[in-house]
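The following note reviews the coordinates shown below.

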Amino acid sequence: MSDVVLVALISAGASIIVALITQAPAILNRTKATDNTLAKLKKDNEALQKENTEKQEIIEYYRKRDEK
């Protein structure tokens, strides 16, 4: 009986290892995609903040002009 249990444990362990090996590339690609997405989002955020600052300056200019 213990031989059967040992074989079952070995085959279960082997199937887990095979599953992890086959999923490794997908996990690595997901990480790379996330890093690229984060970098793009940070770049877009900086551009939007710059655009927002410029528009705020224009708004302030017209507010001051209208107060006079």
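1. Glu60 and Arg63 are joined by a salt bridge, with 3.2 Å between the closest N and O atoms. The term denotes a side-chain nitrogen of Lys or Arg within 4 Å of a carboxyl oxygen of Asp or Glu. Both Glu60 and Arg63 belong to helix H1, where they stand three residues apart, about one turn of the helix. Helices (H or I, at least four residues) and strands (E, at least two) are DSSP runs, numbered from the N terminus. Glu60 is partly exposed at a relative accessible area of 35%, and Arg63 is likewise partly exposed at 48%. Here buried means under 20% relative accessible area, exposed over 50%, and partly exposed in between, with a 1.4 Å probe and protein chains only.

2. On provenance, this is a predicted model, in which local features need pLDDT of at least 70 and side-chain atom pairs count only at pLDDT 80 or more, while totals for chains, interfaces and linings use all residues. Residues are numbered from 1 along each chain as its sequence is written, and side-chain values use heavy atoms, with hydrogens and water left out.

3. How many salt bridges does the structure hold? The structure holds four. Side chains of opposite charge can pair when their charged atoms come close. One of the four links Lys40 to Asp44 at 3.1 Å, N to O. Lys40 and Asp44 are four residues apart in helix H1, about one turn of the helix. Lys40 counts as exposed, at 53% relative accessibility, whereas Asp44 is partly exposed, at 34%.

4. A further salt bridge connects the side chains of Glu51 and Lys55, again with an N to O distance of 3.1 Å. Why are Glu51 and Lys55 separated by about one helical turn? They are so separated because they lie four residues apart in helix H1. Glu51 is partly exposed, with a relative accessible area of 36%; Lys55 is also partly exposed, with 45%.

5. Which residues form the nonpolar patch on the surface? Ile58, Tyr61 and Tyr62 do, and together they have about 330 Å² of accessible area. Patches are made of residues with over 30% relative accessible area and no salt bridge; like charges are joined within 9 Å, and nonpolar side chains (Val, Leu, Ile, Met, Phe, Trp, Tyr) within 5 Å. Accessible areas come from the Shrake-Rupley method with a 1.4 Å probe; for residues, only the protein chains shown count as cover.

6. Helix H1 spans residues 2–67 and includes Tyr62, and Ile58 lies in helix H1 as well. The C-alpha atoms of Ile58 and Asp35, 23 residues apart along the chain, are 35 Å from each other. Ile59 also has its place in helix H1 and is partly exposed, at 35% relative accessibility. Between Ile59 and Lys43, 16 residues apart in sequence, the C-alpha to C-alpha distance is 25 Å.

7. Overall, the protein has one helix and zero strands. Along the principal axes, the C-alpha atoms fill a box of roughly 95 × 20 × 5 Å.

8. Of the 68 residues, 0% count as buried. The accessible surface of the protein is about 6,500 Å², with 63% of this belonging to carbon and sulfur atoms. There are 11 positive and 10 negative side chains, and the centres of the two sets lie 4 Å apart. Lys and Arg count as positive and Asp and Glu as negative, with His and the chain ends not counted; the place of a charge is NZ of Lys, CZ of Arg, CG of Asp or CD of Glu.
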